[in-house]
Amino acid sequence: MSLTLRTISREQHLAYIQSLPSASHMQVPAWADVKAEWRSESLGWFDKSGELVGAGLVLYRQLPKIKRYLAYLPEGPVINWFAPNLTDWLEPMLAHLKNQGAFSVKMGPPVIIRRWEAGSIKQGIQNPDVKRLRDIEADFIEPRAFEVADKLRRMGWQQGEDGGAGFGDVQPRYVFQVPLANRSLEEVHKNFNQLWRRNIKKAEKAGVEVVQGGYQDLEEWQRLYEITAVRDHFRPRPLSYFQRMWTALNTEDPNRMRLYFARHEGVNLSAATMLIVGGHVWYSYGASDNIGREVRPSNAMQWRMLRDAYALGATVYDLRGISDSLDETDHLFGLIQFKVGTGGQAAEYLGEWDFPLNKLLHKALDIYMSRR
């Protein structure tokens with residue numbers, strides 16, 4: 001199969017994404033508008049008959065002082081990763097990016113390598129010898145993913161350092177997902193652990209209501225999000241980021257991004273943003289106040305979002321990143337515990353991969369990034 005690669009229009013790119021069951025929200029053309037500080041380009045792969053068979057959103061970040069770029073394809077490109085001739089897909093991409101002035105390429109193949117069921121993780125948490133997710137025997141392994149990793153290494157790609165934490169500017173390697181395909185909502189609810197079911201009931205009894213918000217409610221979102229940032233010691237993104245995200249994504253597709261609030265007696269206690277691409281729905285950002293926790297607003301909100309995802313015909317409700325540490329003293333342990341309670345699955349992706357087109361500049365960037 002001979003493939004050609006060229007720049008495509010946003011319209012072509014979007015039409016291709018819409019023809020698929022799903023793709024990452026970081027690979028839709030509008031994501032380029034969210035990441036306004038990067039230069040962007042839509043790439044298309046065409047087969048011999050001229051049909052578009054793959055697409056990628058590339059973000060270019062310029063190196064200080066010189067006209068050289070880091071080319072980044074977050075959770076992409078959207079191609080057939082299990083194609084036997086993977087080289088024929090990636091070689092023309094590297095040649096094109098080099099032509100565009102890239103000194104290094106970073107990509108995140110959307111390929112899942114292992115899955116663990118909630119039950120297995122729970123047993124692992126109770127076992128003192130288990131320190132990390134990968135100390136637990138996986139319930140599902142994708143053998144083709146190992147082949148992909150082998151091919152990438154042979155081509156000269158290097159596996160990115162994710163430090164296992166799964167946070168920061170790189171995309172999370174471990175995520176938590178609740179599968180919805182071919183399951184009833186009753187089954188999904190039954191799979192929640194006892195604490196989750198009890199908390200959902202508690203919130204209902206207390207009269208917690210979950211409502212959808214709009215653009216004008218992003219200021220209230222920001223209030224809760226900044227309270228969360230202080231509590232959890234992270235640097236919050238500015239309100240303008242969420243406003244830009246809302247405008248960009250919902251201009252592309254009016255149902256791409258949603259905002260939810262859980263309120264009690266007229267006071268918003270927690271909030272979340274939700275992203276939708278085809279059959280894949282993500283719980284993206286979450287926020288909550290320090291008060292009102294006893295009425296369990298977060299559980300009520302997640303249950304509503306999951307039901308809404310189900311009503312949209314989603315095949316997966318994705319709670320995004322988790323750390324792979326199962327150590328109860330780890331500061332992110334509460335997060336994995338909260339997510340495991342949904343009875344879903346932890347999934348490990350292939351992680352991010354780098355190709356140094358210019359070894360010297362690539363090394364310089366590594367040093368620069370490690371000092372920040």
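1. Asp289 counts as buried, at 9% relative accessibility. In this predicted model, the side chain of Asp289 meets that of Arg223 in a salt bridge, 3.8 Å from N to O. The two residues come from distant parts of the chain, 66 residues apart: Arg223 is in helix 8, and Asp289 is in the loop between strand 13 and helix 10. Arg223 counts as partly exposed, at 34% relative accessibility.

2. A further salt bridge pairs the side chains of Arg134 and Glu348, at 4.0 Å from N to O. The partners are 214 residues apart, with Arg134 in the loop between helix 4 and strand 7 and Glu348 in strand 15 (residues 345-349). Glu348 is buried, at 1% relative accessibility, whereas Arg134 is partly exposed, with a relative accessible area of 46%. The pair also belongs to a network in which salt bridges with shared partners join Arg114, Arg134, Arg173 and Glu348.

3. Arg132 and Asp324 form another side-chain salt bridge, with 3.5 Å between N and O. This pair too links distant parts of the chain, 192 residues apart: Arg132 sits in the loop between helix 4 (118-126) and strand 7 (140-141), and Asp324 in the loop between strand 14 and helix 11 (333-340). Asp324 is buried because its relative accessible area is 2%, under the 20% limit. Arg132, at 35% relative accessibility, counts as partly exposed. Over the whole structure, a search finds 17 salt bridges.

4. The domain assignment divides the protein into domain 1 (4-108 + 352-370) and domain 2 (112-349). Taken over C-alpha atoms, the centres of the two domains are separated by 26 Å. Their contact involves 38 residues from domain 1 and 32 residues from domain 2. About 3000 Å² is buried between domain 1 and domain 2, and carbon and sulfur atoms give 65% of that area. On the domain 1 side, the residues that lose the most area to domain 2 are His25, Phe82 and Trp353, which together make up 24% of what that side buries.

5. Between domain 1 and domain 2 the count is 12 residue pairs in polar contact, both at pLDDT 80 or more. The side of domain 1 that touches domain 2 draws at least two residues from each of helix 1 (10-18), helix 2 (31-34), helix 3 (86-99), strand 5 (102-107) and strand 16 (353-356). Helix 3 supplies the largest share of that side, with six residues. The salt-bridge count between domain 1 and domain 2 is one.

6. Arg320 lies in strand 14 (residues 316-321) and forms a salt bridge with Glu75, the closest N and O atoms being 3.0 Å apart. Arg320 is buried, with a relative accessible area of 13%. Leaving aside neighbours within four places in sequence, the residues in contact with Arg320 include His25, Met26, Gln171, Tyr174, Trp282, Tyr283 and Lys339.

7. Which residues touch the most other members of the largest nonpolar core? They are Ile121, Leu133, Leu306 and Tyr317, in a core of 44 residues. Helix 10 (residues 297-311) gives the most to this core, six residues. Not counting residues up to four places away in sequence, Leu133 touches Trp116, Ile121, Tyr174, Ile322, Asp324, Leu326 and Ala346. A second, separate core has 43 residues, among them Tyr72, Val78, Val211 and Tyr225.

8. Gly213 is in strand 10 (residues 209-213) and counts as buried, at 13% relative accessibility. Gly213 and Phe261 are 48 residues apart in sequence, with 7.0 Å from C-alpha to C-alpha.

9. Some backbone points deserve a look. Gly76 and Pro77 are joined by a cis peptide bond, with omega about 0°; Pro77 is in the loop between strand 4 (69-73) and helix 3. His233, a residue other than glycine, has a positive phi near 55°. His233 lies in the loop between helix 8 (218-232) and helix 9 (239-252) and is exposed, with a relative accessible area of 72%. Arg296 also has a positive phi near 55°. The place of Arg296 is the loop between strand 13 (280-288) and helix 10, and at 29% relative accessibility Arg296 counts as partly exposed.

Definitions and conventions: Residues numbered from 1 in each chain as written. Predicted model: local features only at pLDDT ≥ 70, side-chain atom pairs only at ≥ 80, totals over all residues. Heavy atoms only, no water. Core = buried A, V, L, I, M, F, W, Y, C linked by side-chain atoms within 4.5 Å. Buried < 20%, exposed > 50% of the residue type's maximum accessible area, 1.4 Å probe, protein only. Helix = DSSP H or I, 4+ residues; strand = E, 2+ residues; numbered from the N terminus. Contact = heavy atoms within 4.5 Å. Domains from an automatic or database assignment. Buried area = accessible area lost by both parts, 1.4 Å probe. Polar contact = N/O pair within 3.5 Å; in protein donor to acceptor, adjacent residues only side chain to side chain.
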